[in-house]
Amino acid sequence: VELSGLETIAVEPEAGCNSGHAGQHTNQLVCCPTPTRPPRKGHAMPRSVTAHLFSSLNGVSEAPHLFQFDSFGEAEGSRMGRTLAALPDVVMGRKLWQEWSQYWPSATDDGFGDFINPVRKHVLSSTMSGHLGWNSTAITGDPIAYLDGLKAADVEGGIIVAGGVETVRSLFLAGLVDALT
């Protein structure tokens, strides 16, 4: 494998390969499929997925409105605003969507409302379907395939998973989350 003009290295096949092509793995980093290559010109890189949860030092992530605001000031809000500005898509679970959809559409005194109200929201739910209002769509079918499609879309900006805990955990364990914050 040539690494950006560095030396070429040979890598032995992964132990236990049952693909029927033993000995043909020279210059492959992994046993089937072939190593990932950079995208061809004109093809976008997959979008990154970042999961974000507020949590206390002792691991509590429920009801962050009860513990975060005494330590979440203007500087933190400004930093969060800059980070969120480039994110056109938010994935969230049904419970969080139901809570936020009751509060944020009418909230005009908070900068987060300027972000969350117009952004596209994708809601993981087995009980809701279709367009939900508030620029939201229920994810129907396989959520992993849905998020894979969202990642591959030719759209500028990343994707944030806003929560809740079950949603972040499920997507993280499925290997779809690139970063946790």
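Which residues are buried in helix α4 (residues 143-152)? In this predicted model, in which residues are numbered from 1 along each chain as its sequence is written, local features need pLDDT of at least 70 and side-chain atom pairs count only at pLDDT 80 or more, while totals for chains, interfaces and linings use all residues. Side-chain values use heavy atoms, with hydrogens and water left out.

Helices (H or I, at least four residues) and strands (E, at least two) are taken as DSSP runs, numbered from the N terminus. Within helix α4, the buried residues are L147, L150 and K151, where buried means under 20% relative accessible area, exposed over 50%, and partly exposed in between (1.4 Å probe, protein chains only). Seen down the axis of α4, these residues fall within an arc of 100 degrees, so they line one face of the helix; the arc is that of the directions from the helix axis to the C-beta atoms. The elements that cover the buried residues of α4, through contact (heavy atoms within 4.5 Å), include β1 (49-51), β2 (89-93), β3 (120-124), β6 (159-163) and α5 (165-173). At the start of α4, the backbone nitrogen of I144 lies within 3.1 Å of a side-chain oxygen of D142.

The structure holds four salt bridges, each defined as a side-chain nitrogen of Lys or Arg within 4 Å of a carboxyl oxygen of Asp or Glu. One of them joins the side chains of D89 and R47 (2.6 Å, N to O). Because D89 lies in strand β2 and R47 in the segment before β1, this pair ties together parts that are 42 residues apart in sequence. Both D89 and R47 are buried. D89 also meets R120 in a salt bridge (2.8 Å, N to O), and since R120 lies in strand β3 and D89 in strand β2, the pair ties together parts that are 31 residues apart in sequence. R120 is partly exposed, with a relative accessible area of 35%, whereas D89 is buried, at 1%.

Another salt bridge is formed by the side chains of K95 and E166 (3.5 Å, N to O). K95 lies in helix α2 (residues 94-103) and E166 in helix α5, so the pair ties together parts that are 71 residues apart in sequence. K95 counts as partly exposed at 48% relative accessibility, and E166 is exposed, with a relative accessible area of 57%. Through shared partners, salt bridges join R47, D89 and R120 into one network.

Methods. Polar contact = N/O pair within 3.5 Å; in protein donor to acceptor, adjacent residues only side chain to side chain.
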